Amino acid sequence: MKKINFDLIVESIKNACLKLSSEYPKDVYDKLKNGYLNEDTDRSRKVMGILLENAEISKTNKVPICQDTGMVSAYVSIGKNVVIDGGSLNDAINKGVSLGYKNYFLRKSIVCDPLFDRVNTKDNTPVLIYVDINEGDKLEIILTAKGFGSENMSKMTMLKPSDGKSGVKDFVIETIKLAGPNACPPIVVGIGIGGNFEYAPFLAKKALLRDLNTQNTDERYAEFEQELLEEINNLNIGPLGLKGKTTALKVMIEHYPTHIAGLPCAVSICCHALRHVKLEF
């Protein structure tokens with residue numbers, strides 16, 4: 001058995017919160033830079049230039065990329081031979097986020113009850129935690145912080161099998177059109193296809209964890225990702241909705257087996273502040 005100290009996890013997550021809020025992952029920054037070079041009007045290039053300047057300022061000064069420092073999700077992969085010494089893993093993740101958001105003065109955006117009380121928890125917890133148990137003695141935690149400007153624009157639908165590829169495409173394109181400038185483009189689009197009502201959105205969210213330089217391992221889905229990216233960018237929504245070539249930086253699809261009677265499909269839209277940090281123990 002491998003013991004991993006509770007306090008080590010807490011401290012690692014606390015420090016990761018600052019990086020999570022203030023630094024783009026390299027793949028995201030590089031896609032923004034490519035978008036800047038691809039724009040061919042003064043306005044759209046200026047907007048992309050401002051986003052790049054903002055990225056440099058936030059990284060240098062350790063301040064948030066965006067005032068919405070997001071709702072935190074933790075995607076955990078843990079080996080069955082791992083033991084957390086000194087407390088539970090869920091408690092360690094929540095304590096780390098609580099300390100991180102307090103110590104680094106990040107905006108606390110979580111309310112305790114979604115409908116009636118809506119009182120701020122004042123430490124940006126609880127965290128949404130998803131756990132995958134596997135062989136071995138490794139612990140990996142991917143933290144994400146997703147703002148609700150783009151989260152509110154995400155959609156889920158239950159298509160019929162006969163709707164097929166064209167039905168998925170129509171749903172995705174209509175979702176992006178409805179989002180327009182509200183999702184703070186340029187966006188990254190995660191798509192989940194298959195599973196059931198609750199699993200398709202999970203797939204769409206997991207798609208956003210991929211490196212933006214990758215494509216789906218299934219050639220058919222990889223081609224569909226590129227096809228959707230081109231159609232989305234032809235909508236001319238552009239950076240911050242002010243028109244241009246760069247509405248989306250990337251489209252990524254994750255898929256899973258489903259029932260003979262269904263074709264679940266979810267679209268998770270993320271703004272250009274696609275923030276995630278991987279921790280390994």
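The model is predicted: local features require pLDDT of at least 70, side-chain atom pairs count only at pLDDT 80 or more, and totals for chains, interfaces and linings use all residues. Residues are numbered from 1 along each chain as its sequence is written, and side-chain values use heavy atoms, with hydrogens and water left out.

**First stop: the sheet 4-2-5-10**

Select the four strands that form an open sheet in the order 4-2-5-10, with mixed pairing. Strands (E, at least two residues) and helices (H or I, at least four) are DSSP runs, numbered from the N terminus; two strands pair if DSSP finds at least two bridges between them. Strand 4 (128-134) and strand 10 (276-280) are the edge strands, each with a single partner, so one side of each lacks a neighbour in the sheet. On average, neighbouring strands here are turned by 15° against each other, direction ignored. Axes are lines fitted to C-alpha atoms, for helices over the stretch in contact, and angles run from 0 to 180 degrees between N-to-C directions.

Next, display strand 2 (residues 71-79) with strand 5 (residues 139-146), which pair in the antiparallel sense over eight bridges. Isoleucine 78 stands opposite leucine 139 in strand 5.

Contact means heavy atoms within 4.5 Å. Helix 4 lies across strand 2, strand 4 and strand 5, running at about 145° to strand 2.

**Second stop: helix 1 and helix 4**

Keep helix 1 (residues 6-22) and helix 4 (residues 89-103) selected: their axes come within 7 Å and cross at roughly 40°. That angle makes helix 1 oblique to helix 4, given that angles under 35 degrees count as roughly parallel, over 145 as roughly antiparallel, 65 to 115 as roughly perpendicular and the rest as oblique. Residues making the contact include Phe6, Ile9 and Ile13 of helix 1 and Ala92, Gly96 and Tyr101 of helix 4.

Select helix 2 (residues 26-38) and helix 3, which pack at an angle of about 155° with their axes 8 Å apart. The two helices are therefore roughly antiparallel to each other. Among the contacting residues are Tyr29, Leu32 and Tyr36 of helix 2 and Met48, Leu52 and Ala55 of helix 3.

Move to the loop between helix 3 (42-61) and strand 2, where aspartate 68 is placed. At 11% relative accessibility, aspartate 68 counts as buried (under 20% relative accessible area, with exposed over 50% and partly exposed in between; 1.4 Å probe, protein chains only). Beyond its neighbours within four places in sequence, aspartate 68 contacts Arg107, Ser109, Gly147, Phe148, Gly149 and Arg275. Serine 21 is 47 residues away in sequence and 9.1 Å away in space, C-alpha to C-alpha.

**Last stop: the sheet 6-9-7-8**

Finally, select the open sheet of four strands with the order 6-9-7-8 and mixed pairing. Its edges are strand 6 (155-159) and strand 8 (248-258). Strand 7 (residues 187-195) runs parallel to strand 8, joined by nine bridges; isoleucine 193 has histidine 255 in strand 8 as its bridge partner. Helix 6 (residues 164-179) packs on this sheet, touching strand 6, strand 7 and strand 9 (263-270), and its direction makes about 30° with that of strand 9.
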